[in-house]
Amino acid sequence: MRDNIRHRGKVEKVGKHKVFVRIEQQAACSACHARTACLASDKKEKIIEVDDDSGLYSVDEQVFVSAQPATGFLAVAVAFVIPLALVIIALIVGTGKSGNEAVGGLAGLSVLIPYYLILYALRDKLKKKFVFTLSKAQDTLT
């Protein structure tokens, strides 16, 4: 069985049924000694909302946020693969039907508007698919 995807983070806020954790998302090359000269290295902070009713976590506590690998694959598909496929299909169809590349390009970009509106409308269902769990950093081996 494959290991879970894990990120170390710090609890930012604790709500009644939710814990908000700040994680530092880093590109794989961010640990490289040449990262300052390279534009590929990337580092961003994200806030992850985790459903939790345990009451075990407090603000500024170090924790691990975990997810199943399938969650990561679904996220990549929803965020990158499906929109790219839609753009390419709309570009080909738009250019083929009109004979004009500008119309094809506009069709390729236009198809993203309904896609993201549909994602927004389905956000509650998607939240159920993206399940994160918390564990205390000192309880888990790094």
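I take a patch to be made of residues with over 30% relative accessible area and no salt bridge, with nonpolar side chains joined within 5 Å. The model I am reading is predicted.

**Entry: surface patch.** I looked for a nonpolar patch on the surface and found one formed by Val76, Phe80, Val81 and Ile82. Together these four have about 370 Å² of accessible area. I then looked up Val76, which is found in helix α1. Val76 counts as partly exposed because its relative accessibility is 41%, and that class lies between the 20% and 50% limits.

**Entry: chain layout.** I listed the elements next. The chain holds 4 helices and 5 strands. Read from the N terminus, the order is β-β-β-β-α-α-α-α-β. I also looked up burial: 22% of the 142 residues count as buried.

**Entry: largest pocket.** I noted a volume of about 1,200 Å³ for the largest pocket. Its lining has 31 residues, and those closest to the centre are Ile48, Thr71, Ala75, Phe130 and Phe132.

Which elements supply the lining with at least two residues each? I noted the strands β1 (5-14), β2 (18-26), β3 (43-51) and β4 (62-67). The helices on that list are α1 (69-98), α3 (112-121) and α4 (123-129). Helix α1 gives the most, with 7 residues. I recorded the make-up of the lining as 18 nonpolar, 6 polar and 7 charged residues.

Terms used
Residues numbered from 1 in each chain as written. Predicted model: local features only at pLDDT ≥ 70, side-chain atom pairs only at ≥ 80, totals over all residues. Heavy atoms only, no water. 1 Å grid on protein atoms, 1.4 Å probe; cavity = no way out; pocket = protein on both sides within 12 Å on 5 of 7 lines; lining within 4 Å. Points joined across faces, edges and corners; volume = space filled by probe spheres on them. Nonpolar A, V, L, I, M, F, W, Y, C, P; charged D, E, K, R; others polar. Patch = residues over 30% accessible without salt bridge, like charges linked within 9 Å, V, L, I, M, F, W, Y side chains within 5 Å. Areas by Shrake-Rupley, 256 points an atom, 1.4 Å probe, with all protein chains shown as cover. Salt bridge = Lys/Arg side-chain N within 4 Å of Asp/Glu carboxyl O. Buried < 20%, exposed > 50% of the residue type's maximum accessible area, 1.4 Å probe, protein only.
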